Amino acid sequence: MWKSSEGWSMRHALMLSLALNVWLLLRLAHEREYNLGTDENFRGFCTEEKASSFLSNSTSNSSAIDEFDDDQGRVINLDHGDPTMYESYWRQAGDKTTVVISGWQAMSYFSDVRNICWFLEPELAKEVIRLHKIVGNAVTEGRHIVAGTGSTQLFQAALYALSYGGTEPISVVSATPYYSFYRQVVEYMKSGLYKWAGDASSFNEDKPYIELITSPNNPDGFMRQPVVNRSKGMLVHDFAYYWPQYTPITSPADHDIMLFTVSKCTGHAGMRIGWALVKDEEIARRMTKYIELSSIGVSKDSQFRAAKIVKAVSDSCEHAYDSNFFEVSYHVMSQRWSRLRDAVKKSGMFSTPKFPPAFCKYSNRTFGTQPAFAWLKCEGDIEDCESFLRDHKILTRSGKHFGMSPKYVRISMLDQDSNYDLFTKRLSAMRS
Ligand SMILES: Cc1ncc(COP(=O)(O)O)c(C=O)c1O
């Protein structure tokens, strides 16, 4: 009786294990197809989650992490620039930024029909102008403000507005290493109005083009100027990181189309609010049209919340020193960068860019850019830095996604303290 029941359960256990293994293999094959099937360069916002759950269940890399005695080889995902670092500041700010919206409020599509951007909440417009004036990072006089669902939507609205009416798709360029999402979005959209034409530094056609300039740049953190400089060029300046916690504010930016976002300014990426400062009325109208066609405006609830958060930042700059948002964030970034540089030095396997100091007119201090991303290079024989770090359970984004060599990776500097601590600890322990 005992024997037969043991035989029965052994057979079942074997069959169960076989079935589980087959299922696991099929699942991995499916995920691989899903992740790489369309375009190897495409890194959507969810694929890394799959990678991290795969890694955390996997035992195949265990030898690589045996040398670490930290947090049981926890996977650290620094692939995205998810700004969760800011959570602790806003937690401490308490109810100052709580927004209550009753069921009967904010029901209409419209916010201000007299404005070109008819879905822009006047309160958000007011607070955006106030913040730019306090920080001194952009000219707002004589500009139209266009709100967007993040600056991701605004960058697409700008491409639409600038390429509208052309006879053939206009080239979109950005100097390498460029923000990887620009290319992904342009290629994914397959628009008849514009096409991805790659590195701005090698663009030499005598035709109209759109150049995207990110300053400070994502991924490498350097301040940037246009590089093509031809007469038929149209420029879009992405200033997601032109805020005083990241870089010295040397003068108010003054360009035709300037994009900003709360995602990297206050850390509220989930709110999905960005704004464009646009000089030309017709371009502002077309950008508004694009947003009308793609989402009939921008969430009012989010705009109310954004207005409240931006107001709290401005208030903190005007009334408080110890809880001044940019001061607090500046010091967090400064500490993080000095810890990263220490870790890089200790390990001897990597290098990071050096940024020249400049005087910040907002904070009255001189410092070098301390970017939201570290552009790390694996020195020596390591050709694929992303895989190397992945074996140490650190997820980053390879240089190849930014039009550069896989010897580079981009690492988010905006993650939570516990992840950042673990990351620098692991990095400093690595030896060639
Ligand atoms: C340069 C740059 N522009 C735009 C964005 C996206 O901003 P948003 O969250 O407002 O869409 C990012 C996000 O990482 C970025 O790095």
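**A buried strand, its sheet and a packed helix pair**

Strand β8 (residues 273-278) is mostly covered, with six of its six residues buried. A residue is buried if 20 or more other C-beta atoms lie within 10 Å of its own, exposed if 12 or fewer, and partly exposed in between; the C-beta atoms are placed from the backbone. Helices (H or I, at least four residues) and strands (E, at least two) are DSSP runs, numbered from the N terminus. The model is predicted: local features need pLDDT of at least 70, side-chain atom pairs count only at pLDDT 80 or more, and totals for chains, interfaces and linings use all residues. Residues are numbered from 1 along each chain as its sequence is written.

The protein chain has 13 helices and 15 strands. Of its 432 residues, 40% count as buried. Two residues are in contact if their C-beta atoms, placed from the backbone, lie within 7 Å. Among contacts in the protein chain with a separation of 6 or more, 72% come from residues 24 or more positions apart.

The side chains of a regular strand alternate between the two faces of the sheet. In β8, I273, W275 and L277 point one way. G274, A276 and V278 point the other way. Residues of both sets are buried.

Strands of a sheet pair through backbone hydrogen bonds, either parallel or antiparallel. Here two strands pair if DSSP finds at least two bridges between them. Strand β2 (residues 144-149) runs antiparallel to β8 and is joined to it by six bridges. V146 has A276 of β8 as its bridge partner. Strand β7 (residues 257-261) also pairs with β8 in the antiparallel sense, over five bridges. F260 has W275 of β8 as its bridge partner. T261 stands opposite G274 in β8.

These strands belong to an open sheet of seven strands, in the order β2-β8-β7-β6-β5-β3-β4. The pairing in the sheet is mixed. β2 and β4 (194-199) are the edge strands, each pairing on one side only. From one strand to the next, the twist averages 25°.

Helix α6 lies across this sheet. The strands it lies across are β2, β3 (170-174), β4, β5 (209-214), β6 (233-238), β7 and β8. α6 runs at about 120° to β2. Axes are lines fitted to C-alpha atoms, for helices over the stretch in contact, and angles run from 0 to 180 degrees between N-to-C directions.

Two packed helices are described by the angle between their axes and the distance between the axes. The axes of α6 (residues 150-163) and α9 (residues 281-295) come within 8 Å and cross at roughly 120°. Therefore α6 and α9 are oblique to each other. Angles under 35 degrees count as roughly parallel, over 145 as roughly antiparallel, 65 to 115 as roughly perpendicular and the rest as oblique. The crossing of α6 past α9 is right-handed. A crossing is left-handed if the near helix is turned anticlockwise from the far one by less than a right angle, and right-handed if clockwise.

From α6, the residues Q153, L154, Q156, A157, A158, Y160, A161 and L162 take part in the contact. They meet I283, R286, M287, Y290, I291 and S294 in α9. By class, this contact has ten nonpolar, three polar and one charged residues. Ala, Val, Leu, Ile, Met, Phe, Trp, Tyr, Cys and Pro count as nonpolar, Asp, Glu, Lys and Arg as charged, and the others, Gly among them, as polar.

A hairpin is formed by strands β10 and β11. β10 (residues 357-360) and β11 (residues 365-368) pair in the antiparallel sense over four bridges. P357 has G368 of β11 as its bridge partner. Four residues lie between the strands of the hairpin, and N364 takes a positive phi near 60°.

The peptide bond from S215 to P216 is cis, with omega near -5°. P216 lies in the loop between β5 and β6. The peptide bond from N218 to P219 is cis, with omega near 25°. P219 too is in the loop between β5 and β6.

A106 is not a glycine, yet has a positive phi of about 55°. A106 is found in the loop between α4 (87-93) and α5 (122-135). With 14 other C-beta atoms within 10 Å, A106 is partly exposed. K190, not a glycine either, has a positive phi of about 45°. K190 lies in the loop between α7 (180-189) and β4. K190 counts as exposed, with 8 C-beta neighbours inside 10 Å.
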